[in-house]
4 protein chains.
Amino acid sequence: MTQSTDLLAFGRRILAEQPFSTLLGAELTAFESGRAELRLAVRHELKQQYGFVHGGVLSYLADNALTYAGGSALSGQGIVTSEFKINYLRPALGETLVARAQVIHAGKSQAVCRCDVFVLTGTEEKLCATAQGTITAPTNFATKEP
Amino acid sequence: MTQSTDLLAFGRRILAEQPFSTLLGAELTAFESGRAELRLAVRHELKQQYGFVHGGVLSYLADNALTYAGGSALSGQGIVTSEFKINYLRPALGETLVARAQVIHAGKSQAVCRCDVFVLTGTEEKLCATAQGTITAPTNFATKEP
Amino acid sequence: MTQSTDLLAFGRRILAEQPFSTLLGAELTAFESGRAELRLAVRHELKQQYGFVHGGVLSYLADNALTYAGGSALSGQGIVTSEFKINYLRPALGETLVARAQVIHAGKSQAVCRCDVFVLTGTEEKLCATAQGTITAPTNFATKEP
Amino acid sequence: MTQSTDLLAFGRRILAEQPFSTLLGAELTAFESGRAELRLAVRHELKQQYGFVHGGVLSYLADNALTYAGGSALSGQGIVTSEFKINYLRPALGETLVARAQVIHAGKSQAVCRCDVFVLTGTEEKLCATAQGTITAPTNFATKEP
């Protein structure tokens, strides 16, 4: 078993321990050093009043993918998303959401990451949101929040 | 029936038409010109692996409250959140989340708003996230996305 | 001499050691625990092609005021602005810029702050930009950047 | 003369009309559809108290490069930067700053862009900041602000 398979398996165990990710149905489809991909099947419960995926679902996906990417570049326990910013680019209308995050720069205790969120219909991918944020590995925190 | 009661009733109908807001259990508890408040009871399904409310829930609440506040200051159909930024301040551990958003500046087609997200335990409120974003009333868009 | 006078004097010495702040002409007009105010007289050299103050001047003022506010709430050396976000609200047309920043939440090593930037004409103040960002007191960094 | 040469020449005329860009010494070194590059020689006047380039200089460069990139993808007059977010990644210590911005998504009236700011020492480039923002071509504004 390769190390990256181990990392993906580890990441999936973490995701399975997040009740909110289970409620939404997110899957971790790639996880390696500096990079993570989450997928989420679009269903009625994830939409807003116009039939598009709710912006809050996109921001959840971006937040979580950023945290995975940043966490892969930081050592220690208790990785947290300190902050992020998201721009919504077009209505998310399709079958599946894919969030791809990567590390832009990592120091000892912080990683700055980007995430693009796509909506897929068949084999067509459309970029529907893009995010940028800071992941922190707190050294002095008693509490932890990814 | 006062005008603000009408606005609150209108806002609640919109929220009831958002399947994702129903899935999470959000309630619109205040909605008037330039201001909105959303509440959400904390339950197991909304948490992450450490037992705190998942950051994605906080970002959903901030996003939606920003949209309501901004929408109250803009005319026309198809209010969308163009972008927002959120800083997580402390782990969200408590009974209820409250997101309070207000308009900072509104023009004809855009409103810039802020939102503070608190977690309540009994009567104690703690600020756990703060957000700032842009709400747009698109004039040329065929599609709409709040 | 009161403690807050000491703090203001300390802050002004720091500002005088910033060649860029001297080039622009910024003044620290208030500095106390959790709060800072910078002022800058508008002149031709600070403008863009339409005669308004350049957005980069507003972002400089916001960045620096955020750093002062955050720094007042953090101990240790080498305070840095990790990140910030700014929304431009209206063209900055007037005599003087005033940036007022305050701490929203401070932990051991990070403070999240907000800053409003006003443009003054006579006694009239108009809000022209608003910002939110993170100030960090790095414990493990060999380098420093405010 | 090619169209892109025309665009670069046009961009340089705009930059020359920005007194603040002249004060700082910025040069437009690339400008084509969807992309812009600004350069700025590091000198004492642009620094802060630790000898690094002031964050406000980096935010100016990012802001301006974002505006150029976005403006290249939007038609009409009065292009404005609505908002942007910047993460500072490492101290800017070197000879020249280079800001490279590109359009991520452009609609009729808005473009979302990213910008990386590098510091150069000899032939070595180091990423020192990264930004993301919204450029708007206002249709109803009487005023303009890049």
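In the hairpin that strand 5 and strand 6 of chain D form, with two residues between the strands, D:Gly122 takes a positive phi near 60°. Helices (H or I, at least four residues) and strands (E, at least two) are DSSP runs, numbered from the N terminus. This is a predicted model, in which local features need pLDDT of at least 70, side-chain atom pairs count only at pLDDT 80 or more, and totals for chains, interfaces and linings use all residues. Residues are numbered from 1 along each chain as its sequence is written, chains are lettered from A and ligands numbered from 1 in the order in which they are written, and side-chain values use heavy atoms, with hydrogens and water left out.

**Around strand 6 of chain D**
- Strand 5 (residues 110-121) of chain D runs antiparallel to strand 6 of chain D, and twelve bridges join them; two strands pair if DSSP finds at least two bridges between them.
- Across this pairing, D:Cys113 stands opposite D:Gly133 of strand 6.
- Strand 3 (residues 80-88) of chain D is also antiparallel to strand 6 of chain D, with eight bridges, and D:Thr81 has D:Ile135 as its bridge partner there.
- Ten of the 13 residues of strand 6 (residues 124-136) of chain D are buried, leaving the strand mostly covered. Buried means under 20% relative accessible area, exposed over 50%, and partly exposed in between (1.4 Å probe, protein chains only).

- Twelve strands make up an open, antiparallel sheet, in the order 1(A)-2(A)-4(A)-5(A)-6(A)-3(A)-3(B)-6(B)-5(B)-4(B)-2(B)-1(B).
- Strand 1 (27-32) of chain A and strand 1 (27-32) of chain B are at the edges and have a single partner strand each, so one side of each is left without a neighbour in the sheet.
- On average, neighbouring strands of this sheet are turned by 20° against each other, direction ignored (axes are lines fitted to C-alpha atoms, for helices over the stretch in contact, and angles run from 0 to 180 degrees between N-to-C directions).
- Ten bridges pair strand 4 (residues 96-106) of chain A with strand 5 (residues 110-121) of chain A in the antiparallel sense; in strand 5, A:Leu120 is the bridge partner of A:Thr96.

**Helix 3 against helix 3**
- Helix 3 (residues 55-72) of chain A and helix 3 (residues 55-72) of chain B have axes that come within 8 Å and cross at roughly 145°.
- The residues in contact (heavy atoms within 4.5 Å) include A:Gly55, A:Tyr60 and A:Asp63 from chain A and B:Gly55, B:Tyr60 and B:Asp63 from chain B.
- By class, this helix contact has two nonpolar, six polar and two charged residues (Ala, Val, Leu, Ile, Met, Phe, Trp, Tyr, Cys and Pro count as nonpolar, Asp, Glu, Lys and Arg as charged, and the others, Gly among them, as polar).

**A closer look at A:Thr130**
- A:Thr130 is found in strand 6 of chain A and is buried, with a relative accessible area of 0%.
- Not counting residues up to four places away in sequence, A:Thr130 touches residues including A:Lys85, A:Cys115, D:Ile104 and D:Gln132.
- The C-alpha atoms of A:Thr130 and A:Glu83 are separated by 14 Å, the two residues being 47 residues apart along the chain.
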